[in-house]
Amino acid sequence: MPGSGSLALVPEKAPLEDPTFVELERAAAEDWIRAYVEPVGAIELVHERPWSTVLRVPVAGGAAWFKACALVQAFEPRLTALLFARWPDRVAEVLAHDEERAWLLLADAGTPIGKFGNPPEAWLRLLPRYAELQRGEVAHAGDHLAHGVPDLRVATLPARYDDLLRHELPLERDEIERLRAFRPRFAVLCAELASHGVPETIQHDDLHMANVYAQGERLRVLDWGDSSISHPFASLVETFRFLEEFTKLAPSDPWFARLRDAYLEPWGRGFEATFALAFRVGTFAHGIAWIRQRDHLPEDARRDFDRWFPIVLRRAVAQTID
């Protein structure tokens with residue numbers, strides 16, 4: 001979202017206009033923006049989606065970025081503001097936010113690392129710092145939940161897995177049957193993961209090359225609207241998927257172990273087996289998170305969403321093999 005060149009890096013889940021962001025709200029938003037920054041040109045619509053509307057605000061020396069969040073991610077402005085207050089060197093600068101209206105105004109954060117080919121070297125620098133943020137946010141997990149951040153804690157996942165299976169999924173029949181048959185095993189894996197005692201915290205759940213921005217030597221994480229309170233190690237499910245699909249790293253590439261170890265370093269020693277288990281469970285949890293977004297889409301938007309949803313679901317289906 002905010003920053004230069006943020007569009008067209010990854011497929012959009014549903015490129016449809018957001019019917020809630022009407023002309024009157026646009027005018028009110030522009031008045032609100034001008035209370036915090038002085039535009040030097042016309043405020044431009046970047047995109048309208050069922051989950052958010054984004055405006056580019058030209059300011060002296062660059063741009064600021066306005067985001068109006070729909071109900072499904074109305075928690076994002078408050079969450080982002082709190083994260084910036086506590087972690088200003090690794091979250092985009094928040095110029096203003098309105099919790100009631102779910103509005104967010106950010107300073108420019110630079111260029112998404114996808115523009116540089118999604119280099120694993122960037123992730124090697126970012127992941128330990130992201131893990132430090134997660135560890136620090138453990139103390140605030142309850143507050144995040146109380147203010148609308150979705151609850152995907154491990155104990156909730158078996159019931160949410162059942163709910164996933166009640167949906168009409170864009171998969172072949174045999175794939176759905178594999179997911180159904182795996183349900184008892186999934187509950188066992190969740191119980192095992194919970195027993196490892198890693199505290200649950202903020203989990204970005206969309207941690208890929210279009211949501212990490214570089215500005216000089218600084219790397220910052222943006223777009224926290226898909227976040228949940230969940231097992232922290234599941235964050236790398238999307239990171240690794242994009243390194244495979246866009247950077248074309250083979251699953252056996254040594255970079256994956258190197259990045260895992262860099263991420264785990266702030267957590268302490270001996271978490272490799274926990275990471276593998278959390279990654280497996282997290283692959284299913286990611287599909288569960290997508291169904292929440294899908295449930296909030298208008299019917300005509302789901303067709304486009306379902307062009308990409310099977311990619312996420314099939315990665316979960318692949319994890320049903322022991």
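## Helix 5 and its cover

The buried residues of helix 5 are covered by elements that include helix 6 (173–181), helix 7 (183–195), helix 10 (272–295) and helix 11 (299–318). Contact here means heavy atoms within 4.5 Å, and buried means under 20% relative accessible area, exposed over 50%, partly exposed in between (1.4 Å probe, protein chains only). Helices (H or I, at least four residues) and strands (E, at least two) are DSSP runs, numbered from the N terminus.

This is a predicted model, in which local features need pLDDT of at least 70 and side-chain atom pairs count only at pLDDT 80 or more, while totals for chains, interfaces and linings use all residues. Residues are numbered from 1 along each chain as its sequence is written, and side-chain values use heavy atoms, with hydrogens and water left out.

Helix 5 spans residues 157–166, and its buried residues are Leu 157, Pro 158, Tyr 161, Leu 164 and Leu 165. Seen down the helix axis, they fall within an arc of 110 degrees, so they line one face of helix 5. The arc is that of the directions from the helix axis to the C-beta atoms. On the face turned away from the buried side, Ala 159 and Arg 166 are exposed.

Five strands form an open sheet in the order 1-2-3-5-4, with antiparallel pairing; two strands pair if DSSP finds at least two bridges between them. Strand 1 (44–48) and strand 4 (94–98) are at the edges with a single partner strand each, so one side of each has no neighbour in the sheet.

Strand 2 (residues 52–59) and strand 3 (residues 62–69) run antiparallel and are joined by 8 bridges. Val 54 has Lys 67 in strand 3 as its bridge partner.
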